[in-house]
Amino acid sequence: MVIDTRVCKKHEPCEECIKACHHVHNVPLIPNKKHEIKWIWKEEFEHAFPDTAHEYLDEYLHEREFIVLCNHCEHPPCVRVCPTQATFKREDGIVMMDMHRCIGCRFCMAACPYGSRSFNWEDPRPYIKNPNPRYPTRMKGVVEKCTFCTERLAEGKLPACVEACKHGAIMVGDLADPHSEINKVLREHFTLRRKVHLGTGPSVFYII
Amino acid sequence: MHDAGKVIPGIIAFVLFVTVPFWTNFGKAAPKPQPELPKEYKKCVESKEFMRREHMKLLRKWRFDVVRNNMRVYINSEGRLINMSLQNECMRCHTSKKKFCDVCHDYVAAHPYCWNCHIPPEEKKGWATKEVKSLTEEASSKQPASHH
């Protein structure tokens, strides 16, 4: 996935991608920050790229908000620590969750350096205003995160955030295919990834 | 035996008391569960007998195939292709969890936890009971980022 943050900057405070994702996946809107659930959200530069940020950076970067989500890492630490293999990496590289197996131990939350995972401290249903009847909710006591819309990919659709972005700021494609459009974009633009030095091999790229 | 006159009636009274549920329900069989079947659809995924006996195993296999193997189509014994989904496929015909699933599950006191997450077709009550500001309002009320 490539996110062109220049496009996002132009259309601030757009959050169509967040709204679309959270609607189709029945992600609750919980006001208590300690209980909040998020699959895709906005982060400041120094939080999204702490190893790249420094005090002499352009103000322009500080003002911008960056869309962040699960990086679907090449070497996902959450998968390594999961004791029940509820989180696993699919052959196509998507880091997927099997909610039926999650026992809520939260090892994965400790392992994930991106904070991409949220724990259901309470029943999410009272906080879902406009549920999507075609997708399940979660229950109290499980961890959840972005699944790269596997259910939509299976139907030949694009992920909800990509489809919702009217300005074309988010792009997905096959990184393993050297001739794919996404590889072309990556060759043509300088991109950043989050916390690369940790060796997780994040698969979400940011054009700054 | 000392106090046999008290002990033996005492034992009889105790046994009678403990077995009260048997006497009150004696001769009355609980009615056989009658799950409501869809009217406009005649054929399920497999035969009625198979579904009755094996639906839980079938659903378990579906769940494994869909979530872990990314296989979403089931081919039944007649060669028909079926989308493996409890919420979107089973409940398309069986439009009521209360009148179908619950009828037998309650009878045998089985409590599968499918519906803790999956949304039954009729259920929306008790949802969105907690009012929350919209996402945009929340974002704008957030404190501005500190600059170094």
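How many residues of domain 1 of chain B are in contact with how many residues of domain 2 of chain B? I started my notes with that one. Four residues of domain 1 of chain B are in contact with four residues of domain 2 of chain B. On the domain 1 side I find three nonpolar residues, one polar and no charged. The assignment I used puts domain 1 of chain B at 47-84 and domain 2 at 85-124. I also looked up the distance between their centres over C-alpha atoms, and it comes to 16 Å.

A reminder to myself before going on: this is a predicted model.

**Confidence, chain A**

I checked pLDDT for chain A next. The mean is 94, and 100% of the residues reach 70 or more. Among the elements of chain A, helix α4 (residues 59-63) has the lowest mean pLDDT, at 83. Strand β7 (residues 143-144) of chain A has the highest, at 98.

**Chain B overall**

I counted six helices and two strands in chain B. Along the sequence they run α-α-α-β-β-α-α-α. Then I looked at burial: 9% of the 148 residues of chain B count as buried. For contacts in chain B between residues at least 6 apart in sequence, 55% join residues at least 24 apart.

I went to UniProt for annotations on chain B. The unreviewed entry lists residues 7-24 as "transmembrane region". In the model that span of chain B is 94% helix and 0% strand. Its end C-alpha atoms lie 25 Å apart.

Is B:Asp3 buried or exposed? I find 8 C-beta neighbours inside 10 Å, so B:Asp3 counts as exposed.

**Chain B against chain A**

How many residues of chain B touch chain A? I get 23 residues of chain B in contact with 27 residues of chain A. On the chain B side, the elements giving two or more residues are α3 (48-69), α4 (86-93) and α6 (135-141). The largest share, three residues, comes from α3(B). By type, the chain B side divides into nine nonpolar, nine polar and five charged residues.

**Chain A overall**

Chain A has nine helices and ten strands. I wanted to know how its radius of gyration compares with that of a compact globule. For 208 residues, such a globule would have a value near 17 Å, and chain A has 17 Å, which agrees. The C-alpha box along the principal axes is roughly 40 × 35 × 35 Å.

Buried residues make up 39% of the 208 residues in chain A. Of the contacts in chain A between residues at least 6 apart in sequence, 60% join residues at least 24 apart.

Which residues does the cis peptide bond join? I find A:Glu12 and A:Pro13, with omega about 0°. A:Pro13 is in the loop between α1 (5-10) and α2 (16-24) of chain A.

My other stop was A:Phe148. Phi there is positive, about 55°, although A:Phe148 is not a glycine. A:Phe148 lies in the loop between β7 and α7 (150-153) of chain A. Why does A:Phe148 count as buried? I get 22 C-beta neighbours inside 10 Å for A:Phe148, and 20 or more is the cut-off for buried.

**A:His72**

A:His72 is in the loop between β3 (65-69) and α5 (77-81) of chain A. With 25 other C-beta atoms within 10 Å, A:His72 is buried.

I took one pair from that list for a distance check. A:His72 and A:Ile94 are 22 residues apart in sequence, yet 5.6 Å apart in space, C-alpha to C-alpha.

Conventions:
Residues numbered from 1 in each chain as written. Chains lettered and ligands numbered in written order. Predicted model: local features only at pLDDT ≥ 70, side-chain atom pairs only at ≥ 80, totals over all residues. pLDDT = per-residue confidence, 0-100. Helix = DSSP H or I, 4+ residues; strand = E, 2+ residues; numbered from the N terminus. Contact = placed C-beta atoms within 7 Å. Nonpolar A, V, L, I, M, F, W, Y, C, P; charged D, E, K, R; others polar. Domains from an automatic or database assignment. Buried ≥ 20, exposed ≤ 12 C-beta atoms within 10 Å, placed from the backbone. UniProt positions renumbered as here; feature names shortened; annotations may be inferred. Rg over C-alpha atoms; globule rule 2.2 N^0.38 Å.
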